Amino acid sequence: MAVEFNHTIVDCTDKEASARFVADILGLGEPSSYGPFAVVQLGNGASLDFADAHGRPHTQHYAFLVTEAEFDQIHARIVERDLPYWADPFHRRGREINTNDGGRGLYWNDLDDHNLEILTVPYGGWPSTRE
Ligand SMILES: [Fe+2]
């Protein structure tokens, strides 16, 4: 049985602002509304459902697998907005990009300091196509 990740709730201070921020930086479509959520639809069918009715958000980590071309575009948007970014999850290597697993990756914060990540190769590398 295949189990696919479908959605999660992202607690935030302002759901419209947070959803738009993430969608804009990632180059995704306009957020939609569903019940109390501002929804950002991801390419693999999963969604981030932003909610601002749960009090002060606890910061979480969200990682997005992107192509090399998307990485360039997202990095350019981060630089254009003069947002801080780091090569590592602890935010020690500022304005650097990592090359973990033969790809590229970086971290930046959303409006509530959720630790966002883009990477072009999954942790540990691409799974082998051989059985
Ligand atoms: Fe991560």
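Modeller: The account below begins at the metal site and then moves to the surrounding elements. The model is a predicted one, and what follows should be read accordingly.

The iron ion is coordinated by three residues, namely His61 through NE2, Glu117 through OE and Tyr123 through OH, at 2.1 to 2.2 Å. Along the chain, these donor residues follow the spacing H-x55-E-x5-Y. His61 belongs to strand 5, which covers residues 61–65, and Glu117 to strand 7, which covers residues 115–119, so this pair ties together parts that are 56 residues apart in sequence.

Glu117, by contrast, has a relative accessible area of 2% and is buried.

The contacts of Glu117 give a view of the surroundings of the site. Leaving out residues up to four places away in sequence, Glu117 touches His61, Tyr62, Ala63 and Phe64, as well as Leu106, Tyr107, Trp108 and Tyr123. Two of the residues in this list, His61 and Tyr123, are themselves donors to the iron ion. The C-alpha atoms of Glu117 and Leu65 are 8.5 Å apart in space, although the two residues are 52 apart in sequence.

Asp101 is placed in the loop between helix 2 and strand 6. Asp101 touches Val121, Pro122, Tyr123, Gly124 and Gly125, when residues up to four places away in sequence are not counted; Tyr123 in this group coordinates the iron ion. Asp101 is partly exposed, at 40% relative accessibility. Its backbone also deserves a remark. Most residues other than glycine have a negative phi. Asp101 is not a glycine, yet its phi is positive, at about 60 degrees. Asp113, also not a glycine, has a positive phi of about 65 degrees. Asp113 is placed in the loop between strand 6 and strand 7, and with a relative accessible area of 45% Asp113 is partly exposed.

In soluble globular proteins, nonpolar side chains tend to be buried together. Here the largest nonpolar core has 26 residues, and those that touch the most other members are Leu48, Phe50, Phe64, Ile78, Trp108 and Ile118. At least two residues of this core come from each of helix 1, strand 3 (37–41), strand 4 (47–51), strand 5, helix 2, strand 6 (105–109) and strand 7. Helix 1 gives the largest share, six residues.

Beyond its neighbours within four places in sequence, Ile118 is in contact with Leu26, Phe64, Val66, Phe71, Ile74, Arg104, Gly105, Leu106 and Trp108. Phe71, one of these, lies in helix 2 and is buried, its relative accessible area being 0%. In turn, Phe71 touches Val66, Ile97, Arg104, Gly105, Leu106, Ile118 and Thr120, residues up to four places away in sequence not being counted. The C-alpha atoms of Phe71 and Leu119 are 7.5 Å apart, and the two residues are 48 apart in sequence.

Helix 2 leads finally to helix 1. Helix 1 (residues 15–26) packs against helix 2 (residues 68–80) at an angle of about 125 degrees, and their axes are 8 Å apart. The two helices are therefore oblique to each other. Asp24, Ile25 and Leu26 of helix 1 make the contact with Ile74, Arg77 and Ile78 of helix 2. By class, these residues comprise four nonpolar, no polar and two charged. Asp24 is partly exposed, at 34% relative accessibility. Apart from its neighbours within four places in sequence, Asp24 is in contact with Arg77 and Arg81. A separation of 9.0 Å is found between the C-alpha atoms of Asp24 and Ile74, which are 50 residues apart along the chain.

Notes:
Residues numbered from 1 in each chain as written. Predicted model: local features only at pLDDT ≥ 70, side-chain atom pairs only at ≥ 80, totals over all residues. Heavy atoms only, no water. Donors = N, O, S within 2.8 Å, 3.2 Å for Na, K, Ca; no water. Helix = DSSP H or I, 4+ residues; strand = E, 2+ residues; numbered from the N terminus. Buried < 20%, exposed > 50% of the residue type's maximum accessible area, 1.4 Å probe, protein only. Axes fitted to C-alpha atoms, helices over the stretch in contact; angles between N-to-C directions. Parallel < 35°, antiparallel > 145°, perpendicular 65-115°, else oblique. Contact = heavy atoms within 4.5 Å. Nonpolar A, V, L, I, M, F, W, Y, C, P; charged D, E, K, R; others polar. Core = buried A, V, L, I, M, F, W, Y, C linked by side-chain atoms within 4.5 Å.
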